[in-house]
Amino acid sequence: MLYTEAGQFSTTYRADRRVFRLRQDRIALGTLLAFAVAVVPLIGNDYWFSAILIPFLVLSLAGLGLNLLTGYAGQLSLGSAAFMAAGAFAAYNFNLRIEGLPLLVSFGLGGLVAALLSIVFGLPSLRIKGFYLIVSTLAAQFLIPWVLVKFGWFSNFNASGVITAPPLEIAGYDLSSPGGRYLLTLAVVIALAWLASNIVRSELGRNWMAVRDMDTAAAVIGISLPKAKLLAFGISGFYLGIAGSLWAFTYLGTVEPHGFDLARSFQVLFIIIIGGMGSILGNFLGAAFIVLFPLLLSNLAALLPVGLIDAGQLENIQKMVFGALIIAFLIREPDGLARLWQQFRARARRWPLRY
Amino acid sequence: MSNRNIFRKSLLAALVFGGVSSGAHAAGEQYFPLQSYRIGPYAAGGTGFFGGFIDYLQYVNANGGVNGVKLTWSECETEYVVEKGVECYERLKKGLNGAPAAATNPLSVGIAYATLDRSTADKLPLITINHGRTDSTDGSVFPYAFPLQLNPYSEVSAIVNYIGQQVGGLDKLSGRKIVTLYHGSPYGKETSEVLQKLADKYKFELTLLEVPHPGNEQQSQWLNIRKIKPDYVILRGWGVMNPVALKTAQKVGFPVDRIIGNIWSNSEEDAAPAGAAAKGFVSITTHPSGTAFPVLQGIRKDVVDAGKGNLADPKRFGTVYYNLGVVNGILNVEAVRIAQAKFGNKPLSGEQVRWGFENLRLDDKRLKELGALGLVQPLRLSCADHEGGGAVRFQQWDGQQWKLISEWVQADRGFLRPIIEASAQKYAKEKGISPRDCAKES
C-alpha cells in the first residue's frame, strides 16, 4: 500500500522515460544516498570503513565494469583483475612522474590506460565468441601482471615490486583517514554508477544488448559490431582501471601485482553472476553478498566459545556454509539477486493483494 | 572518537570497581591480535608459527605474566590472503575487552604491506620477523615497522659471507659462479638488486633464475644450472618450490650440499618431502630447531604437558616454524617488559610498546635468563635500526632433522645500510613523509 503507483501520472515524455518512475523509488534512493554520504561518515568506525564499506564499494565498481561487458554486451572476460592492475599501476606512475597532477586526474588517466589495454585484448572478440573469447582475456590476466613484475620501472624500481598510495589529497583536503577514504571511494562510485546507468539506456547500451542477444541480427539491422564490441571492452576497462586504482590506493594502500591474480577475476565474475547479469543494482547486491557474508559468518564464529571447534575446522565450516548459500541462492533464482529484488518490488506494489 | 570515550569510561569504571572489589583484574591484561592462518596453502607455516607464539604467551601467563600483567590474545583467520588480513587487522586492533593491543604479527609479506600505513596511523607496531620490507629497517622513515632479527638484504649478505668462508675467504670469491634460484614473486625478487651489488663487489659471477609461482616444475631451470656449473646455488624458495628444487637437483646431478636455502626454505616441511634428495641440504636459520633449550622445556612442562598446547600435531614441537613462533613471542614479550620499565607495570598502548621494541636490548646474559641462549641471537635495536641482529646460523639436513653446522655468521650491515637508507628516502619522498631525527630520540 505504501509502495503503489496509484495517483502518479506522467504528464511529459521526459517524466515517463526517467529511470525511477515511482516517487517512492526516488525518495528511497535519495534517502539511501543521503545516508551514505552524510550519516555514515558520522556514525561509522574504522572497522566499517576500512574492512567492509570500502572493499564493498570498490568490488561493486569492478563488478559494474565487468557487467557492462558481459552482462550488457555479452562478451565473456576473465581479465578483470589484470585491467584493475593496469589501472592501478598506471595511476601510480602518472601521479609519481607528473609533478602536481591531481589525484582524480591520475585515476582517470589510469582508467584510460586500462581501457586501451582492454580494447587491445578485446580485438579477438571481432572474430571469436563465447568461451573462446575467455582465452584471449585470460592471456591479459597472465601477461599484464607478468609485465608489471618483470619490468621494475612500473613500480619505480621498488625492490619488492609493490606500489604505494600517494598522499590522498584533493583540493587541499586530506582524505587519508578511513572516513576520508570512504568518502572518496563513495563519490567516485556514485559518479560512475550514474554514468553507467545512463550509458546502458543510451543508443550504445541498446546496441550492446542487441549484440548480446544475437549479433547476426544486430549486424543486419545496421549496428556496427566492431564499434559496439570494442567500445564495450574500452568502457569496461575504464571502469575496472578506476576500480583497481581505488583498490590499491583507498583500500589497501600498498599492493603487489600478485594481488590482482586470476582469483580476483573470478571474484568479480562471481559478483555479477550472483548479483545479476545486465543489471546495475546487481553489482552492488553481488558485492555485498561476496564481501559481507563471509565476514558475517566469521564474526558469528568468533562468538562461539574458544576451543569448542578447532580454529582451522571452523574456517573450513564457514567456507562450506558460504558455498551452500551460493548454491541455494542460485537454485532459488538463477538470474541473480537483482531479479529477486525485482520480484519483491513487483509483489510489494500489489500488496496486500496476492501476486 | 566516541568508542574511545566509552573505552575510557569503562576503563575508569573497571579501575574504580576493581579497586573496590578485589584487585584480581586491576592489573589488567595486554592483548595480542593474531592474524593467523591455519588453512590454505601455507597452513604448515601458520600453524607452526602461531602455535609457538601462543604457547609462549601461555607459558608467560603460567609464570605470572609480564610483571603481573597477564597476556591475552584472539585469532582471526587470514588464509594468507591480503584482504582477509586487513579485515582481521581492523577487527582486532582495538583490543579485547579493554585490554589494549600490543603489536601485530601477520607473518605475511602481503598483509604486512597492506597494513603498513594503517599501523603508522593507528600507532600499533607491525612486526615482520625475518621478513618484510627491507627499507623498513630505517626506523626514521618507518617508525612502526620492525623487520626483527633479519631483513632480506642481511639474509643474502650473510649467505655470501658464508660462501666466502667455505671457499677460504671473501677475496677467493672472485671468478666463482653463484646461481640464485628465486620464486617468481615480489618476495623472490626482493634481493636481486642487492645480490648484483654484492657480485660486483666480490667479483663473482651471478646468474638469477626465476621459477614461476608455485614452482612445481623446474626442469629447465636446473638443466640451465647444470650447463652453468655454479659453485653454489642459493635457493630463494617458498612452499612447494623447495622440495621440488631439491628433487630436480638430484635428477640433474647437482650436489645438494652446494644448495643453500634461504630463510623460507629452511623448515622441516621444505626438506622432508624431498626424501633422500634432501640429505645434505644446507640452509640458513635465525633460530635452531630442537627442544633442548630451557625455554622450550618450560613450555613443555607448563603448557604442553598441562594439555594446553596449541599444536594439533605434538610431533611438531621444536620444529623450525614452531621455534620461530617462540622466538617471536620472546621478542614481543621482552618489548612489552622493556616498555613497562619506562611506562609502568600496566597494560600498555601500541605507542608505548613501540618504544619498547625500539629500545629492545637482548644480550647473552638476558638470553640466558630467558632460557633462550643460542635460540635467539643478541639483538640491539634503535630508532635508526629496526632490525637489530642480522646474523644467521647454517644448518644441514641429515635426512631426519636439521643439524647446526656453523656459528653465527654476520651480514655486512655497513655495506647494506646506505642502500637501505636510499630506498627509505625514496619511499619518504613518494609518500610525503618527513623522517624523524633519530639523534633526538631518547
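B:N328 touches B:F49, B:F53, B:N105, B:I127 and B:I129, when residues up to four places away in sequence are not counted. In this predicted model, B:N328 belongs to helix α12 (residues 320-343) of chain B. The residue is buried, with a relative accessible area of 1%, and its side chain is joined to that of B:N105 by a polar contact of 3.1 Å. The points below treat the nonpolar cores, the contact between the chains, the salt bridges and selected loop residues.

**Nonpolar cores**

- The largest nonpolar core has 95 residues. The residues with the most contacts inside this core are A:L61, A:Y182, A:W208, A:Y239, A:W247 and A:F249.
- Helix α3 (residues 46-72) of chain A gives the most to this core, contributing 17 residues.
- With neighbours within four places in sequence left aside, the contacts of A:L61 are A:V189, A:L192, A:Y239, A:I242, A:A243 and A:L246.
- A second, separate core has 86 residues, and B:F53, B:A199, B:W264 and B:L360 are included in it. B:F53 is also one of the residues that B:N328 touches.

**Contact between chain A and chain B**

- Chain B supplies 29 residues to the contact, and chain A supplies 35 residues.
- The size of an interface is often given as the accessible area lost when the parts come together. Between chain B and chain A the buried area is about 3000 Å², with carbon and sulfur atoms giving 50% of it.
- Three salt bridges are counted between chain B and chain A. A salt bridge of 2.9 Å (N to O) is formed by the side chains of A:K319 and B:E79.
- On the side of chain B that touches chain A, the elements giving two or more residues are α3 (82-92), α4 (109-122), α6 (186-189) and α15 (413-431) of chain B. Of these, α3(B) gives the most, with seven residues.
- By class, that side of chain B comprises nine nonpolar, two polar and 18 charged residues.

**Salt bridges**

- Side chains of opposite charge can pair when their charged atoms come close. Over all chains, the count comes to 36 salt bridges.
- A:R212 and A:D213 form a salt bridge in which the closest N and O atoms are 3.1 Å apart. A:R212 counts as partly exposed because its relative accessibility is 33%, whereas A:D213 is exposed, with a relative accessible area of 59%.
- In chain B, the side chains of B:K93 and B:E90 meet in a salt bridge of 3.0 Å (N to O). Both B:K93 and B:E90 are buried.
- A salt bridge of 2.9 Å (N to O) links the side chains of B:E358 and B:R436. B:E358 lies in helix α13 (residues 350-358) of chain B and B:R436 in the segment after α15 of chain B, so this pair ties together parts that are 78 residues apart in sequence. Both B:E358 and B:R436 are buried.
- Salt bridges with shared partners join A:D46, B:E90, B:K93, B:R118 and B:D122 into one network.

**Loop residues of chain B**

- B:A372 is situated in the loop between α14 (364-370) and β11 (379-380) of chain B. B:A372 counts as buried because its relative accessibility is 0%.
- With neighbours within four places in sequence left aside, B:A372 is in contact with B:V295, B:I330 and B:L367. The C-alpha atoms of B:A372 and B:L296 are separated by 8.4 Å, although the two residues are 76 residues apart along the chain.
- Most residues other than glycine have a negative phi, and most peptide bonds are trans. B:Y80 is not a glycine but has a positive phi of about 70°.
- B:Y80 lies in the loop between β2 (70-77) and α3 of chain B. At 21% relative accessibility, B:Y80 counts as partly exposed, because the buried class requires under 20%.
- B:Q149 has a positive phi of about 70° and is not a glycine. B:Q149 is placed in the loop between β4 (145-146) and α5 (152-167) of chain B, and at 0% relative accessibility B:Q149 counts as buried.

Terms used:
Residues are numbered from 1 along each chain as its sequence is written. Chains are lettered from A and ligands numbered from 1 in the order in which they are written. This is a predicted model: local features need pLDDT of at least 70, side-chain atom pairs count only at pLDDT 80 or more; totals for chains, interfaces and linings use all residues. Side-chain values use heavy atoms; hydrogens and water are left out. A nonpolar core is a set of buried Ala, Val, Leu, Ile, Met, Phe, Trp, Tyr and Cys residues joined through side-chain atoms within 4.5 Å. Buried means under 20% relative accessible area, exposed over 50%, partly exposed in between (1.4 Å probe, protein chains only). Helices (H or I, at least four residues) and strands (E, at least two) are DSSP runs, numbered from the N terminus. Contact means heavy atoms within 4.5 Å. A polar contact is a pair of N or O atoms within 3.5 Å; within protein, one must be able to donate a hydrogen and the other to accept it, and residues adjacent in sequence count only if both atoms are side-chain atoms. Buried area is the accessible area (1.4 Å probe) that two parts lose on being put together, summed over both. A salt bridge is a side-chain nitrogen of Lys or Arg within 4 Å of a carboxyl oxygen of Asp or Glu. Ala, Val, Leu, Ile, Met, Phe, Trp, Tyr, Cys and Pro count as nonpolar, Asp, Glu, Lys and Arg as charged, and the others, Gly among them, as polar.
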